[in-house]
Amino acid sequence: MKKKKKKKTLETLVLGVAAFVAVTAAALLFLFYTSAGKRLTSKAVAGYLHGAVNYVAGDTKPPAGKENNNGTENQGGKEEQGEKTPENQKELYHILLLGEEAIGSSAGKGRTDAILLVTVDAAAKRISVTSILRDTYVEPDGMNPCKINAVYARLGVRGLYEILYEKLGVWPDGYAKVGFDSFEKIIDLLGGAEVTLTEEEARYLNTHNYISKKEYRNVKSGTQVLNGNQTLGYCRVRYVANCNGTKHDYGRTERQRMVLKNLFERYKSAGVTKWAKILKEALGYIETDITEKTLENLIYAVYSNGIKTMEQHQLPAKGTYEEPKAVGSVTSPLVVDWKTNRELFWKALE
């Protein structure tokens, strides 16, 4: 009798385990392989991440007539259409990445020496990163003519939004800003960044203060993983050519994009739960005005469409600007042919 009862208990246990496995498998298939499941997962991850970021509900809503568009015609603003949803795969998302150098800034805001416009294109299954050179000459409303890296310190992020709309026809869907210290910490959290240094780059980094901590001035030529402090120094160098032979601000912004691309390549195949865990802490160092709903849609666009390509661009393009010694009180600016650069920007997104 006991043997029979034991056998029945074992069968019940086996059936229970089998049922649990079946239900779990079904739930995972729903979450990761169906549109509704992916939307639910994206919503959960967005809520989790948005709770960690330094969210600033800034005054960056586009005024009437300045809604975002796809480069060919106005698609209507968020007030008329509601929040963007990438399911129809017809719209682009533009996120402005800012690297702020606030050293010695009494106003609490510094120059944004790194300005990158990240475009997420769900339909084309790609992300495009466009650097904007810091010496680009602009004439913003509300301040004297200046280089574009000075706009944020005086007018805030809205001033940059206004310029991007005027020059490129883009009103960003949000921005993400980091300072020097935060950048270092984020890179360290991500396990460093893999870069390739020339002998001249390695020598320069080891003998100058771009790597601010002397104990880390021990980089070598060749491919290696740099820590946060070393990576920040690498991203700031412009007086020597990089591994592609590019120097000056073109070389520096190319370095910044190469670091982003390396991190993208490393984590693009990671599961949602893995990079969500990493970003949970990293986002604590980032200031943004990206809403939770927009973040959800961005995650869904990348997750559901399998975006695994990152393209790199730079504005102004070579041959589309002049370099006078000065324009008024602005010394050594890049005076840009914006009509040509606007056309090149949208053509790259076709």
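## Briefing on a predicted protein chain

The protein chain is built from 11 helices and 15 strands, and the model described here is a predicted one. Of its 350 residues, 47% count as buried.

**Nonpolar cores**

- In soluble globular proteins, nonpolar side chains tend to be buried together.
- The largest nonpolar core in this model holds 49 residues, and the members that touch the most other members are Ile127, Leu205, Tyr234 and Val259.
- Helix H8, which covers residues 248-267, supplies the largest share of this core, namely five residues.
- When its neighbours within four places in sequence are left aside, Ile127 is in contact with Val118, Thr119 and Val120, with Phe264, and also with Ile307, Thr309, Met310 and Glu311.

**Aromatic rings**

- The count of aromatic pairs in this model comes to five.
- The ring centres of Tyr204 and Tyr210 are 5.7 Å apart and their planes meet at 35°, so this pair is classed as tilted, a label for angles that are neither under 30 degrees (stacked) nor over 60 (edge-to-face).
- Both partners of that pair, Tyr204 and Tyr210, are buried.
- One aromatic cluster is formed by Tyr161, Tyr165 and Trp171.

**Charged side chains over rings**

- Arg255 lies over the face of Tyr234, at 5.6 Å from the ring centre, and Tyr234 is also one of the residues that touch the most other members of the largest nonpolar core.
- Lys318 lies over the face of another tyrosine, Tyr250, at 5.4 Å from the ring centre.

**Helix H5 and the residue that follows**

- Helix H5 runs over residues 180-189, and its buried residues include Ser182 and Glu184 as well as Ile186 and Ile187.
- Just after H5 comes Gly191, whose phi is positive, at about 85°.

Definitions and conventions. Residues are numbered from 1 along each chain as its sequence is written. This is a predicted model: local features need pLDDT of at least 70, side-chain atom pairs count only at pLDDT 80 or more; totals for chains, interfaces and linings use all residues. Side-chain values use heavy atoms; hydrogens and water are left out. Helices (H or I, at least four residues) and strands (E, at least two) are DSSP runs, numbered from the N terminus. Buried means under 20% relative accessible area, exposed over 50%, partly exposed in between (1.4 Å probe, protein chains only). A nonpolar core is a set of buried Ala, Val, Leu, Ile, Met, Phe, Trp, Tyr and Cys residues joined through side-chain atoms within 4.5 Å. Contact means heavy atoms within 4.5 Å. Rings of Phe, Tyr and Trp (its six-membered ring) pair if their centres lie within 6.5 Å; planes under 30 degrees apart count as stacked, over 60 as edge-to-face and the rest as tilted. A charge sits over a ring if NZ of Lys or CZ of Arg is within 6 Å of the ring centre and within 35 degrees of the ring normal.
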